[in-house]
Amino acid sequence: DVGAAARQLTSGVTKIIANRTAFAALKVGGSVVTWGNPVIGGDSQAVARQLRSGVVSLHGSYDMAFAAVKEGGAVVTWGDPHGGGDSSAVAQQLQSGVVKLHSNWGAFAALKNDGSVV
């Protein structure tokens with residue numbers, strides 16, 4: 001619920017994205033604040049450390065999860081593991097070099113600076 005995030009949303013927000021029932025806000029300095037349905041990304045505590053700074057873009061799968069691209073091209077995902085929220089199987093490939101991120105109803109695809117797709 002937005003109540004827990006409200007004090008972090010009073011200033012410095014540069015972008016808000018949404019999926020079905022959750023939101024993510026990007027703030028000046030690259031931190032991310034989330035709220036809404038905890039199952040599909042409203043709760044980002046599992047990746048909170050990675051979302052404290054350095055995020056340059058936010059992306060949502062239409063229904064289930066969020067992804068953040070950080071400085072240097074690392075990608076962080078959270079939300080429903082069946083909808084793109086669990087990237088642990090390809091975590092090593094997402095540590096750097098992502099230049100573009102695309103999403104569909106339940107997944108993300110990352111284009112890397114070497115032309116490969118993860």
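Which residue stands opposite Ser57 in strand 5? Val69 stands there. The structure is a predicted model, in which local features need pLDDT of at least 70, side-chain atom pairs count only at pLDDT 80 or more, and totals for chains, interfaces and linings use all residues. Residues are numbered from 1 along each chain as its sequence is written, and side-chain values use heavy atoms, with hydrogens and water left out.

Helices and strands are taken as DSSP runs numbered from the N terminus (helices are H or I with at least four residues, strands are E with at least two). Two strands count as paired if DSSP finds at least two bridges between them. Strands of a sheet pair through backbone hydrogen bonds, either parallel or antiparallel.

Strand 4 pairs with strand 5 (residues 65-70) over five bridges, in the antiparallel sense. Within this pair, Leu58 stands opposite Ala68 of strand 5. A hairpin of four residues links strand 4 to strand 5. Strand 5 and strand 6 also run antiparallel, joined by five bridges. Here Phe66 has Trp78 of strand 6 as its bridge partner. The hairpin of strand 5 and strand 6 has four residues between the strands, and Gly72 takes a positive phi near 90° in this hairpin.

How many of the five residues of strand 6 are buried? Four are, so strand 6 is largely enclosed by the rest of the structure. Buried means under 20% relative accessible area, exposed means over 50%, and partly exposed lies in between (1.4 Å probe, protein chains only).

A further open sheet has three strands in the order 1-2-3, with antiparallel pairing. Its edge strands are strand 1 and strand 3, and each pairs on one side only. The twist averages 20° from one strand to the next. Strand 1 and strand 2 run antiparallel and are joined by five bridges. Val13 stands opposite Lys27 in strand 2. The hairpin from strand 1 to strand 2 passes through three residues.

Thr21 is found in the loop between strand 1 (13-18) and strand 2 (22-27). With a relative accessible area of 38%, Thr21 is partly exposed. Leaving aside residues up to four places away in sequence, Thr21 touches Gly36, Asn37 and Ile40. Such a contact means heavy atoms within 4.5 Å. Thr21 and Ala67 are 46 residues apart along the chain, and their C-alpha atoms are separated by 15 Å.

Val117 lies in the segment after strand 8 (108-112). Is Val117 buried or exposed? Val117 counts as exposed because its relative accessibility is 60%. Not counting residues up to four places away in sequence, Val117 touches Ala109, Ala110 and Leu111. Val117 and Val98 are 19 residues apart in sequence, with 9.0 Å from C-alpha to C-alpha.

Pockets were examined next. Rolling a probe the size of a water molecule over the atoms shows where empty space is left. The search uses a 1 Å grid over the protein atoms alone: a cavity is a set of points where a 1.4 Å probe fits but cannot get out, a pocket is an open set with protein on both sides within 12 Å along at least five of seven lines, and lining residues have an atom within 4 Å of a point. Grid points are joined across faces, edges and corners, and a volume is the space filled by probe spheres set on the points.

The largest pocket holds about 430 Å³ of space. Its lining has 19 residues, and Gln8, Val33, Thr34, Ser44 and Gln45 lie nearest the centre. Helix 1 (2-5) and strand 3 (32-36) are the elements that give two or more residues to this lining. Strand 3 provides the largest share, five residues.

Conventions
Axes are lines fitted to C-alpha atoms, for helices over the stretch in contact, and angles run from 0 to 180 degrees between N-to-C directions.
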